[in-house]
Amino acid sequence: MIELKVNGEVRAVDVASDTPLLWVVRETLGLTGTKFGCGMAQCGACTLHLDGEAVRSCVTPISRAAGKEVTTIEGLPEEVRGPLQRAWIAEDVPQCGYCQSGQIMAAAVLLRENPKPTDADIDDGMTGNICRCGTYLRIRKAIHRAAGGGA
Ligand code: FES
Ligand code: FES
């Protein structure tokens, strides 16, 4: 058994120690907001937070999450999620939506580390999160909106 804290709740999972965290979150725990894209740390669809840092859960073995705090899109605290979610709606960001929970998880870390990012800071911070629908400009506007309290 491996114990980890997921969205504030201690969970024990009976999986091999090299099982990707993404599999545990989606398959074992049923938290399907985190998406599988490439499986190779290339697209960011699987981004969640491990002890507050954005990680690619598709290449993070569950052994690395043992004893740590995992936060998925479902468990992002309201004070973090609310402004981002409202900005996303105001800017009409998602198209197919597939990449968007990973984008929001990445944006949450970006804004915590840099509450007033420039365009370049946003482009840098979000560079590992690919959107096949090309919503980058709207994501950038939404991050500015969330940062400015105009969400
Ligand atoms: S699914 Fe993890 S980075 Fe693409
Ligand atoms: S909204 Fe479709 S992949 Fe980003």
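Which residue in β5 is the bridge partner of L50? Select L50 together with V70, for V70 is that partner. Before going further, note that this is a predicted model, in which local features need pLDDT of at least 70 and side-chain atom pairs count only at pLDDT 80 or more, while totals for chains, interfaces and linings use all residues. Residues are numbered from 1 along each chain as its sequence is written, chains are lettered from A and ligands numbered from 1 in the order in which they are written, and side-chain values use heavy atoms, leaving out hydrogens and water.

Next, select residues 47–50, strand β3, and residues 69–71, strand β5, which pair in the antiparallel sense over 2 bridges. Strands (E, at least two residues) and helices (H or I, at least four) are DSSP runs numbered from the N terminus, and two strands pair if DSSP finds at least two bridges between them.

Now show the whole open sheet, whose 5 strands follow the order β2-β1-β5-β3-β4 with mixed pairing. Its edge strands, each pairing on one side only, are β2 (9–13) and β4 (53–56).

Finally, select T71, which sits in strand β5 and is buried, with a relative accessible area of 18%; buried means under 20%, exposed over 50% and partly exposed in between, using a 1.4 Å probe and protein chains only. The C-alpha atoms of T71 and L48 are separated by 6.1 Å, although these residues are 23 apart along the chain. Leaving aside residues up to four places away in sequence, T71 touches N7, L48, H49, L76 and M105, where contact means heavy atoms within 4.5 Å.
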